[in-house]
Amino acid sequence: MDASTIPLNRLYGELAYLWPLMSPPEEYAEEAAHWRDTLRELLGPGRHEILELGVGGGHNLSHLTADFKATAADISEPMLAHSKRLNPGVEHLLGDMRCLRTGRKFKAVLIHDAISHMLSDADLLDTFVTAAAHLEPGGVLITAPDRFHETFGAPHTEVCTHSNGRMELTCLEYTHDPDPNDSVVETIFTHIIREGSQVRIEHDRMLTGLFPTSVWERLMGEAGFRFEWRTFRLESVDTEYTLLIGRLIPTV
């Protein structure tokens, strides 16, 4: 099979039903603790209002809703349906993070790894402008790209298996860089799904962005943010984890 014939982004459409099993919410606990601690440090005590853009299935957000009053948005209706079930007290909105405008302001805007779906400088800048438009003076943007140009080694492979007692899912991911001269990498997914004695295979493909840290810093600055980053060690997966933080610069 030629990989280019595999349709794009099936996980956000007809294969969205696999997401809770592919990446279970409980696996986000350690990661989300860093988001919570960072928000507490930057915002101080209180049940602050936050907006998550590109919430997906809401797995990271599910660990934050006890501490913050959340609103969530995503471009995929099937993913929003997952998040609604997992986060019933959260307001959910259908919208593209590059152009969404709610007319409301929040203390913080969060963009988890959905930021990796921005494929160009223009996409990133539009998203940062959206974040700035939704922040109160002094508000903060926190985001977590999957990878950076300086540290990405291709090909990158991952495999995981999860079961819920009814279905067993093994997911193989292969990420490579078809053109090192652009800002896009490709991930090919093979999902092996077993239900009882029946086994079937589904393929999926995604394009995601790959940018150097200098681009993140420059574009956040163009959108009105002062840039910083925090690096943590995720012990559960033995890997380095980076949060990018933008502090909205007050306008005179």
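**Entry 1: the β7/β8 pairing**

I began with strand β7 (residues 168–176) and strand β8 (residues 184–195), which pair in the antiparallel sense over 9 bridges. I took strands as DSSP runs of E with at least two residues and helices as runs of H or I with at least four residues, numbered from the N terminus, and I counted two strands as paired if DSSP finds at least two bridges between them. Looking up individual partners, I found Glu186 of β8 as the bridge partner of His176, and Thr190 of β8 opposite Leu172.

**Entry 2: basis of the values**

I note that this is a predicted model, in which local features need pLDDT of at least 70 and side-chain atom pairs count only at pLDDT 80 or more, while totals for chains, interfaces and linings use all residues. Residues are numbered from 1 along each chain as its sequence is written, and side-chain values use heavy atoms, with hydrogens and water left out.

**Entry 3: the sheet**

Which order do the strands of the open sheet have? I read it as β6-β7-β8-β9, a sheet of 4 strands with antiparallel pairing. Its edge strands, each pairing on one side only, are β6 (156–163) and β9 (198–209). On average, neighbouring strands of this sheet are turned by 15° against each other, direction ignored; for such angles the axes are lines fitted to C-alpha atoms, for helices over the stretch in contact, and the range is 0 to 180 degrees between N-to-C directions.

I then followed β6 to β7, which run antiparallel and are joined by 8 bridges, with Tyr174 in β7 as the bridge partner of Thr157. The two strands form a hairpin with 4 residues between them, and Gly165 in the turn has a positive phi of about 90°.

**Entry 4: aromatic pairs**

I paired rings of Phe, Tyr and Trp (its six-membered ring) if their centres lie within 6.5 Å, calling planes under 30 degrees apart stacked, over 60 edge-to-face and the rest tilted. By this rule I count 4 aromatic pairs. Phe128 and Trp216 form a tilted pair, at 6.2 Å centre to centre and 50° between the planes. This pair links distant parts of the chain, with Phe128 in helix α4 (residues 121–133) and Trp216 in helix α5 (residues 213–222), 88 residues apart. Phe211 and Trp216 form an edge-to-face pair, at 5.9 Å centre to centre and 85° between the planes.

Are Phe211 and Trp216 buried or exposed? Both are buried, where buried means under 20% relative accessible area, exposed over 50% and partly exposed in between (1.4 Å probe, protein chains only). Trp216 counts as buried because its relative accessible area is 2%, and Phe128 because its relative accessibility is 0%. Finally, I noted that ring pairs link Phe128, Phe148, Phe211, Trp216 and Trp229 into a cluster.
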